[in-house]
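Please look over the structure below.

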There are 2 protein chains.
Amino acid sequence: MALELADPRDQEFLLFEVFDAASVASSEKFAAFNEKTSKMLLKEARNLAVKEILPTNKLADVENGHPDGIKLENGKVSVPPSYKEPYKKYIEGGWLAMSDEEEWGGQGMPHLLAMACGELFTGANCAFLMYPGLTHGAGNIIKEFGTDKQKATYLKNVFTGKWGGTMCLTEANAGSDVGALETVAKLNDDGTYSISGNKIFISGGDSDLVENIVHPVLARIEGAPAGTKGISLFLVPKIRVNEDGSLGEPNDVETVGIEEKMGIHGNATCSLAFGSKGNCIGELIGEPNKGMKYMFLMMNEARQGVALQGLGFQSASYANAVNYAKERIQGPNLLEAFNPDPVKVPIIQHPDVRRQLLLMKSYVDGCRFLNYYLARCFDLATLAETPEEKDKWMGLIELLTPIAKAYSTDKAVEVASSGVQIYGGYGFIEEYPQAQHYRDAKITCIYEGTNGIQSMDLLGRKLGMKKGKPLMDLMGEVMATIEKAKNAGLTDIADKLQAALNKVGDCAMHMGKTAMSEKIMDAFGTATIFLEICGDLCMAWGLAERAAIAQQKLESAKKKDAPFYEGQVTTAKFFFDMLLPTAMGRMDSVKNTSAAVMAMPEAAFASK
Amino acid sequence: MALELADPRDQEFLLFEVFDAASVASSEKFAAFNEKTSKMLLKEARNLAVKEILPTNKLADVENGHPDGIKLENGKVSVPPSYKEPYKKYIEGGWLAMSDEEEWGGQGMPHLLAMACGELFTGANCAFLMYPGLTHGAGNIIKEFGTDKQKATYLKNVFTGKWGGTMCLTEANAGSDVGALETVAKLNDDGTYSISGNKIFISGGDSDLVENIVHPVLARIEGAPAGTKGISLFLVPKIRVNEDGSLGEPNDVETVGIEEKMGIHGNATCSLAFGSKGNCIGELIGEPNKGMKYMFLMMNEARQGVALQGLGFQSASYANAVNYAKERIQGPNLLEAFNPDPVKVPIIQHPDVRRQLLLMKSYVDGCRFLNYYLARCFDLATLAETPEEKDKWMGLIELLTPIAKAYSTDKAVEVASSGVQIYGGYGFIEEYPQAQHYRDAKITCIYEGTNGIQSMDLLGRKLGMKKGKPLMDLMGEVMATIEKAKNAGLTDIADKLQAALNKVGDCAMHMGKTAMSEKIMDAFGTATIFLEICGDLCMAWGLAERAAIAQQKLESAKKKDAPFYEGQVTTAKFFFDMLLPTAMGRMDSVKNTSAAVMAMPEAAFASK
């Protein structure tokens, strides 16, 4: 039987053997989610992902206007027809708001379990999942910052997927520089605002999956300060909502175009015109001029979502690659190269194919550890018994979010590229599944803050926050893993992890100092590499933690379980032998913090 | 004025300041190619590339059957209509056989100059260039191994682009394992052969650019040995050629399908059926059962061609990225971050954008050096006055070919990915040019021997050839650059290059030993990383050589030339500070030669 998406054995290993996911069931809040229930839910999620969602991924991977794809006709977007049925099942199953309160239509699930289910859903079809994913994000804004009335009007409809949601930040001249936006809000006599402006790159900006769409829109109230300090957040429904909650007149929100993209073809990337007829009404969320602050608070969730997309692409590409490598017969075993009539073998027996699969597996396993760990932090913060404890987990979330986002997505591109390579020429043919992952995955490095923006967030905000405590907490977690590895007899791995930890610690100190010196620009020219070594350290940590636990389980493992545990230890050995040394070298380049980046004359980049 | 394709100043710097391209004009053979003529030809090539070929690149980047793209109708392939006129100009200009003898329609140009022109052509539109590129490869087979009669019949028609050519190796079950092919050749009474079999992935397998197509086909003569030892090479024309050279009856060669690919959409990737009606006639080339040997000899040219494609994608993506970064205004200078109303700047002023551009430029410049150096070796071999000297240059070509192929193409994917990133969200939109490079470039890592196959070639054949002399010669060339750098006062760069050279030398020794030990499989599991560090060393070498020369020119440079030379030195500093340390770490992983690659239980790659 072929593997689809994330390896189920590995998901259970992480949940129940590494992260003790079932322990949360001893709390009142998560009492329903014992091991048995959790496994059942995970199985249900896999069924839905594999049987209903996955088949739509390739089908909808067509140009705009194709009968199987997205269409914009008469100002209305229709989603790929194949999405209708899975969407219905997805919302009926309550998967849109897995971790939210039941009063708003959520399932109240622990974040860790939701993360594992989410990996399956997004790995099956990222473009599809973006519709409910962004809807959830919009719901969260209402939940966190909305008035009781706003919650009553919108929230349950959104969290149950009856209505959709988006995130309207970007404009043609305001991408990474959100503060440059030009959309304007004018206060009306009744307390509502008239919105006017054009937004681009709005994922799922319109769809016929839902009855209505709620757009959180960033705009500047007339007369507000320039830049980010004058930005407010508004709720703008596609169709106005009457006092009794029923749908009223259409609002003045027009879909003026959809982009032809390299990937995620099944998701409509819309240009939206708000108020082009002067009749777009929105409600303020929270206080005026605090829109950026609200968006920032929500951004973490969105970035964790994109990190998970990166992991999903990795899992899916890896599953295909392993299956193909086991089936595809090509060439003899290398040791038989001089045998005139050798037996031909599956390519999984060839050294370079194995190396590529292990490289892929290292990142899949490492990024799964990192993303699940992040989700686990939410659960531990929720159940924390003291403010200090809660603060620890929230700090780790803050610190790890930009790392998880940028590293999981950069590695998604690398893993998807290896996934193409394993297929050889067939990897480049669209009939096979690997090219799509390579095309689709690239967007995850760009949206919700480019990976360059993530590195600025890490260096500029997260590294020094709370006097560096989150970083110290992370190092403490790694130290605990080093002890575990030593106790399991994996001294080589423990020693190498210790060396990496020390070196990253040195780099962090160096980067912090440099960023506060006159060399600040040089520091920011190195920020991306600094983020990368932090991610490398997380891979080393995660793979060591996995190996330490697996090594101890191996002693009493049943025969059928042994290969899995051996695989954990061997993957870690591979990473520490073959990938960590490169990362150690990369740390040297962080310490160099080259002045060349800023010294380069602009005219020297190109002669004309 | 915006940069298009390869930087013209940099091309001239390499040709006339680094490689002394004009010196070949003192020989009788290349007397016509002095500096003035060479610059004129390069300018002509740029004109043709930029004005005629480049505009067709995006236009033809559409699905099969689109009016602007390739079509298969009634068994006939038509190329994108926009290709017709540029093809005419390309062959009229004699660009198809730049370095070949005039008697066969060539221009007799030095290889180095041809390489520089070729970078412009393939950078403008790789899919287009594959038609004449493969035609040239087929012509070379006839030139090297054909009888006088075969030459008289085919060669001039091929080298002048009147007829096309292909390369028919791959079958559904014979990809990397060419020896597994099943196409059969049966000797007829008149000395011809009846060919029957199916080939796939035949680039430019049919086209309406040309009157006829000559297919070199690998097949097994009935009764020949199994595997590679029983393979012969045949010339199979699409249309049979009469005794007087005129075209006769169609041969039994049928295009049964064209692939829907991720990229290079403008080139028809054909499935060809030879002899499905029992009536396909071919001529043997050379001796029976020596087909693989002939193909291997030709493979070097094909692999150098793909290396050049990799460079072309890098150059084109970099040119776009620099232009965009200079134009796109986004956000203030970082030092103004707390200014309430700061001036917004072009993104080329942002540290992380500069870092990415310098990363791209490092590889563009380094790979341009490597590819041009390889071409220069051909010229020096041609002009060599002793067999020893000729042998030296031919040995370097053998050694550097797999490195140039795999490294230039792996970096093409990396550079194209950065090129998307510089554009932010616009990078993912097909209206802009960067997504296409990202999609197109990936094939270069796969065809003409996957990059894994290149690394096996390097470790298994090239490293130990001639008792390691080519490697020693390469190290000698690097040593000469170290001296130059020292003399130019670039001691830091010289010291770091020396350290890298020593470490790669150690790794080579280690790999050679390991490949001859019982750990041979582990060695081959490390072969790709070994190739990568050899490529890294070549980058360091090339950038140091460039910097050493530029540093000396700087002393007396005119004001307008200074930024270019400063850019050479600064790019080298960036590489040695920021990228070489990672490569030094990678060398440690080569020395580790992990046993984990082969130790991994097959069942541990996936649990089902």
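## Domains

In this predicted model, the centres of domain 1 of chain A and domain 3 of chain A lie 31 Å apart, taken over C-alpha atoms. The domain assignment of chain A places domain 1 at 8-159, domain 2 at 165-291 and domain 3 at 453-595.

## Symmetry

Two copies of a chain are related by a rotation about an axis and a shift along it.

## Interface

Chain A gives 94 residues to the contact, and chain B gives 94 residues. On the side of chain A that touches chain B, the largest share comes from helix α16 (residues 562-592) of chain A, with 19 residues. That side of chain A divides into 46 nonpolar, 24 polar and 24 charged residues.

Do the copies meet through the same surface or through different ones? Of the interface residues of chain A, 100% are also interface residues in chain B, so the copies meet through the same surface.

## Nonpolar core

In soluble globular proteins, nonpolar side chains tend to be buried together. The largest nonpolar core in this model has 426 residues. Those with the most contacts inside it are C117(A), F234(A), A540(A), C117(B), F234(B) and A540(B).

Take C117(A). Leaving aside neighbours within four places in sequence, C117(A) is in contact with L41(A), L42(A), A45(A), W95(A) and M98(A).

## Helix α5 in both chains

Helix α5 (residues 126-145) of chain A has 20 residues. At 1.5 Å a residue these should span 28 Å, and the end C-alpha atoms are 28 Å apart, which agrees. α5(A) is mostly covered, with 19 of its 20 residues buried.

## Helix α13 of chain B

Helix α13 (residues 491-515) of chain B has 25 residues. From first C-alpha to last it reaches 36 Å, close to the 36 Å expected at 1.5 Å a residue.

Buried residues of α13(B) include I493(B), L497(B), V504(B), A508(B) and M511(B). K496(B) and T514(B) are also among the buried residues of this helix. What covers the buried residues of α13(B) includes α11, α12, α14 (520-525), α15 (527-554) and α16 (562-592) of chain B.

G464(B) and A508(B) are 44 residues apart in sequence and 9.6 Å apart in space, C-alpha to C-alpha. G464(B) is found in the loop between α11 (451-462) and α12 (469-487) of chain B. G464(B) is partly exposed, with 16 other C-beta atoms within 10 Å.

L359(B) lies in helix α8 (residues 351-383) of chain B. Is L359(B) buried or exposed? L359(B) is buried, with 23 other C-beta atoms within 10 Å. Not counting residues up to four places away in sequence, L359(B) touches S418(B) and L579(B). L359(B) and T571(B) are 212 residues apart in sequence, yet 8.6 Å apart in space, C-alpha to C-alpha.

In chain A, Q349(A) sits in the loop between β14 (344-346) and α8 (351-383). Q349(A) is buried, with 20 other C-beta atoms within 10 Å. The C-alpha atoms of Q349(A) and A404(A) are separated by 32 Å, and the two residues are 55 residues apart along the chain.

## A positive phi at N74

N74(A) is not a glycine, although its phi is positive, about 50°. N74(A) lies in the loop between β1 (71-73) and β2 (76-78) of chain A. N74(A) is exposed, with 5 other C-beta atoms within 10 Å.

What is phi of N74(B) near? The value is near 50°, positive in a residue other than glycine. N74(B) lies in the loop between β1 (71-73) and β2 (76-78) of chain B. With 5 C-beta neighbours inside 10 Å, N74(B) counts as exposed.

Technical notes:
Residues numbered from 1 in each chain as written. Chains lettered and ligands numbered in written order. Predicted model: local features only at pLDDT ≥ 70, side-chain atom pairs only at ≥ 80, totals over all residues. Contact = placed C-beta atoms within 7 Å. Helix = DSSP H or I, 4+ residues; strand = E, 2+ residues; numbered from the N terminus. Nonpolar A, V, L, I, M, F, W, Y, C, P; charged D, E, K, R; others polar. Expected span 1.5 Å × (residues − 1). Buried ≥ 20, exposed ≤ 12 C-beta atoms within 10 Å, placed from the backbone. Core = buried A, V, L, I, M, F, W, Y, C linked by C-beta atoms within 7 Å. Domains from an automatic or database assignment.
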